[in-house]
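User: I have a chain open here and would like to go through its packing. Can you take a look with me?
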Amino acid sequence: RQHQPEARAQEEVEREHVDQVWAATGRHKVRTAKILGVSRPRLDRLLAKYGLDSGAHGSSDEPAPGSSP
């Protein structure tokens, strides 16, 4: 089943909002989740859904999987 145009537009707005907050916090998961009003697991799902978490490290509160210290 295809997405309705309204649902697709809502997802695009959500993705842009998550991306902007993610960037504004320096990719810090706890801060991003708090600002967005979602749990950390929900944020992880949103980042994965929108492809925003690939290669995340640095100021995130935990290292990316497979990264070396």
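Analyst: A residue counts as buried when its relative accessible area is under 20%. Bear in mind that this is a predicted model.

User: What share of the residues counts as buried?
Analyst: Of the 69 residues in the chain, 25% count as buried.

User: How many helices and strands are there?
Analyst: The chain has three helices and zero strands. Along the sequence the pattern reads α-α-α.

User: Take contacts between residues at least 6 apart in sequence. What percentage join residues at least 24 apart?
Analyst: That figure is 55%.

User: On to the helix pairs. At what angle do helix 1 and helix 2 pack?
Analyst: Helix 1, residues 5–24, packs on helix 2 at about 135°, and the two axes are 9 Å apart.

User: How far apart are H17 and L36?
Analyst: In sequence, H17 and L36 are separated by 19 residues; in space, the C-alpha to C-alpha distance is 8.8 Å.

User: Next pair. How do helix 2 and helix 3 cross?
Analyst: Helix 2 covers residues 29–36 and helix 3 covers residues 40–49; their axes come within 9 Å and cross at roughly 95°. That angle makes helix 2 roughly perpendicular to helix 3.

User: Which residues make the contact?
Analyst: On the helix 2 side, K29, V30, T32, A33 and L36; on the helix 3 side, R40, L43, D44 and L47. The residues of this contact of helix 2 with helix 3 divide into five nonpolar, one polar and three charged.

User: Which residues of helix 2 are buried?
Analyst: K29, T32, A33 and L36 are buried in helix 2. They cover an arc of only 95° around the axis, so they lie on the same side of helix 2. These buried residues pack against helix 1 and helix 3.

User: What is exposed on the other side of helix 2?
Analyst: K34 and I35 are exposed there.

User: What follows helix 2?
Analyst: G37 follows helix 2, with a positive phi near 75°.

User: Now helix 3. Which residues are buried there?
Analyst: The buried residues of helix 3 are L43, L46 and L47. Their arc around the axis is only 100°, which puts them on the same side of helix 3. Among them, L43 and L47 also take part in the contact with helix 2.

User: What covers those buried residues, and what is exposed on the other side?
Analyst: The cover over the buried residues of helix 3 includes helix 1 and helix 2. R45 and A48 are exposed on the other side of helix 3.

Definitions and conventions: Residues are numbered from 1 along each chain as its sequence is written. This is a predicted model: local features need pLDDT of at least 70, side-chain atom pairs count only at pLDDT 80 or more; totals for chains, interfaces and linings use all residues. Side-chain values use heavy atoms; hydrogens and water are left out. Axes are lines fitted to C-alpha atoms, for helices over the stretch in contact, and angles run from 0 to 180 degrees between N-to-C directions. Helices (H or I, at least four residues) and strands (E, at least two) are DSSP runs, numbered from the N terminus. Angles under 35 degrees count as roughly parallel, over 145 as roughly antiparallel, 65 to 115 as roughly perpendicular and the rest as oblique. Contact means heavy atoms within 4.5 Å. Ala, Val, Leu, Ile, Met, Phe, Trp, Tyr, Cys and Pro count as nonpolar, Asp, Glu, Lys and Arg as charged, and the others, Gly among them, as polar. Buried means under 20% relative accessible area, exposed over 50%, partly exposed in between (1.4 Å probe, protein chains only). The arc is that of the directions from the helix axis to the C-beta atoms.
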